[in-house]
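Here is a friendly briefing to read alongside the model. Please take a look at the structure first, then go through the notes by topic.

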Amino acid sequence: MILYHGFNMEIRIPDLKHSRQKVDFGVGFYTTPIYEQARNWCGKFLHRGMPGIVNRYSFDESVLAKYHVLTFDTYCEEWLDFVLDCRRGLDQSDYDIIIGGVANDKVFNTVE
C-alpha cells in the first residue's frame, strides 16, 4: 500500500519528532492513502511561505498483525469519543497504529 504525508520538508523515515499533541488520534505520524489529502495538508505551509512536500511511503500491510491496532471503519460515536479524548489530551490508550478518518470542521459542525 502507498501512503502519503504532507509536510514542509522531506521525511525519509516516519518518526514521532514531527508529531503534535492533542490531535485526532494522539501523538503519531499521520499518513493517508489519498494523495490529494496529503497535498491539501501542505496548504497550511504554503500559506506561511514555506514549501509543501508530499512524502510517499510503501507500507506492507502484512505487518499489522504484529502491532496493537485500532481501526475505525466509519465515523461513529466510538470514533468521536476517541477523537475528543485525544484532542483534550485525555487518551490513555496504548495503540501502535490507529486507522480511520480524521476529523475536519464539517464533521464537528455536524456533531454540534
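**Pockets, strands and salt bridges**

The second largest pocket has 23 lining residues, and Arg20, Val23, Tyr30, Trp41 and Lys44 are the ones nearest its centre. Here a pocket is an open set of points on a 1 Å grid over the protein atoms alone, where a 1.4 Å probe fits and protein lies on both sides within 12 Å along at least five of seven lines; lining residues have an atom within 4 Å of a point. Please keep in mind that this is a predicted model, in which local features need pLDDT of at least 70 and side-chain atom pairs count only at pLDDT 80 or more, while totals for chains, interfaces and linings use all residues. Residues are numbered from 1 along each chain as its sequence is written, and side-chain values use heavy atoms, with hydrogens and water left out.

**The second largest pocket**

- Its volume is about 690 Å³, a volume being the space filled by probe spheres set on the grid points, which are joined across faces, edges and corners.
- Strand E1 (2-7), helix H1 (35-41), helix H2 (43-47) and helix H4 (105-111) each give at least two residues to this lining; helices (H or I, at least four residues) and strands (E, at least two) are DSSP runs numbered from the N terminus.
- The lining divides into nine nonpolar, nine polar and five charged residues, where Ala, Val, Leu, Ile, Met, Phe, Trp, Tyr, Cys and Pro count as nonpolar, Asp, Glu, Lys and Arg as charged, and the others, Gly among them, as polar.

**The largest pocket**

- The largest pocket has a volume of about 1000 Å³.
- Phe29, Tyr30, Thr31, Ile97 and Ile98 are the closest to its centre among the 34 lining residues.
- Strand E4 (97-99) provides the largest share of this lining, three residues.

**Strand E1**

- Five of the six residues of E1 are buried (under 20% relative accessible area, with a 1.4 Å probe and protein chains only; exposed is over 50%, partly exposed in between), so the strand is largely enclosed by the rest of the structure.
- E1 pairs with E2 in the antiparallel sense over six bridges, pairing requiring at least two DSSP bridges between two strands.

**Salt bridges**

- The whole structure holds two salt bridges, each a side-chain nitrogen of Lys or Arg within 4 Å of a carboxyl oxygen of Asp or Glu.
- Arginine 87 bridges to aspartate 24, with the closest N and O atoms 2.6 Å apart.
- Arginine 87 is in helix H3 (residues 77-87) and aspartate 24 in the loop between E1 and H1, so this pair ties together parts 63 residues apart in sequence.
- Aspartate 24 is buried at 6% relative accessibility, whereas arginine 87 is partly exposed at 36%.
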